[in-house]
Amino acid sequence: MVKSSLEVDGRVIELRRLGDAERELSRELVSVHEEIANLVQSLLPPHAPESHIAEVVTASGYGRNLIDRLRGGNHPWHKPTGKPG
């Protein structure tokens, strides 16, 4: 008697492929977040004028609160907690 295995089911193969793709995208997102955090910090030192802050907020598409936290270096994007997935 032969037991059927899900390993040959195309849906399982697709699920595996999508899981791998999601994990890769998560790694890329962590890298992008780190780059954004570093750019914001380098563009906006503590003495940055309000006009520069507003420009970065507009350019990034993020809110002022996030930009202020990234400027201060106290946001998780500055220090990832580990590998996603």
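**View 1. Salt bridges across the model.** The structure holds 7 salt bridges, each counted when a side-chain nitrogen of Lys or Arg sits within 4 Å of a carboxyl oxygen of Asp or Glu. This is a predicted model, so local features need pLDDT of at least 70 and side-chain atom pairs count only at pLDDT 80 or more, while totals for chains, interfaces and linings use all residues. Residues are numbered from 1 along each chain as its sequence is written, and side-chain values use heavy atoms, with hydrogens and water left out.

**View 2. The whole protein.** Here we have 3 helices and 0 strands, running α-α-α from the N terminus on. Helices (H or I, at least four residues) and strands (E, at least two) are DSSP runs, numbered from the N terminus. Of the 85 residues, 21% count as buried; buried means under 20% relative accessible area, exposed means over 50%, and partly exposed is in between (1.4 Å probe, protein chains only). The accessible surface comes to about 6500 Å², and 59% of that belongs to carbon and sulfur atoms (Shrake-Rupley method, 1.4 Å probe; for residues, only the protein chains shown count as cover). If you take the contacts with a separation of 6 or more, 48% of them come from residues 24 or more positions apart, where contact means heavy atoms within 4.5 Å.

**View 3. Helix α1 and what covers it.** Helix α1 takes in residues 10–43, 34 residues in all, and reaches 49 Å from its first C-alpha to its last. That is close to the 50 Å expected at 1.5 Å a residue, the expected span being 1.5 Å times one less than the number of residues. Its buried residues are G19, S26, H33, I36, A37 and V40. The cover over them includes α2 (50–60) and α3 (64–72).

**View 4. The largest nonpolar core.** This core has 12 residues: I36, A37, V40, L44, A48, I53, V56, V57, L66, I67, L70 and W77. To be in such a set, buried Ala, Val, Leu, Ile, Met, Phe, Trp, Tyr and Cys residues must be joined through side-chain atoms within 4.5 Å. Helices α1, α2 and α3 each supply at least two residues of this core. Take a look at L66 too: leaving aside its neighbours within four places in sequence, L66 is in contact with H75 and W77.

**View 5. R23 and D20 on α1.** The side chains of R23 and D20 meet in a salt bridge at 2.8 Å, N to O. The two are separated by about one helical turn because they are 3 residues apart in helix α1. R23 is partly exposed at 32% relative accessible area, and D20 is partly exposed as well at 40%.

**View 6. The R64–E50 link.** The side chains of R64 and E50 meet at 2.9 Å, N to O, in a salt bridge. R64 lies in helix α3 and E50 in helix α2, so the pair ties together parts that are 14 residues apart in sequence. R64 counts as partly exposed at 34% relative accessibility.

**View 7. R71 and its surroundings.** R71 is in helix α3 and counts as buried, at 18% relative accessibility. Not counting residues up to four places away in sequence, R71 touches V40, Q41, L44, P45, P46, H47, A48 and I53. The side chains of D68 and R71 form a salt bridge at 3.7 Å, N to O, and the two are about one helical turn apart, being 3 residues apart in α3. D68 is partly exposed at 30%. E50, R64, D68 and R71 are linked in a network of salt bridges.
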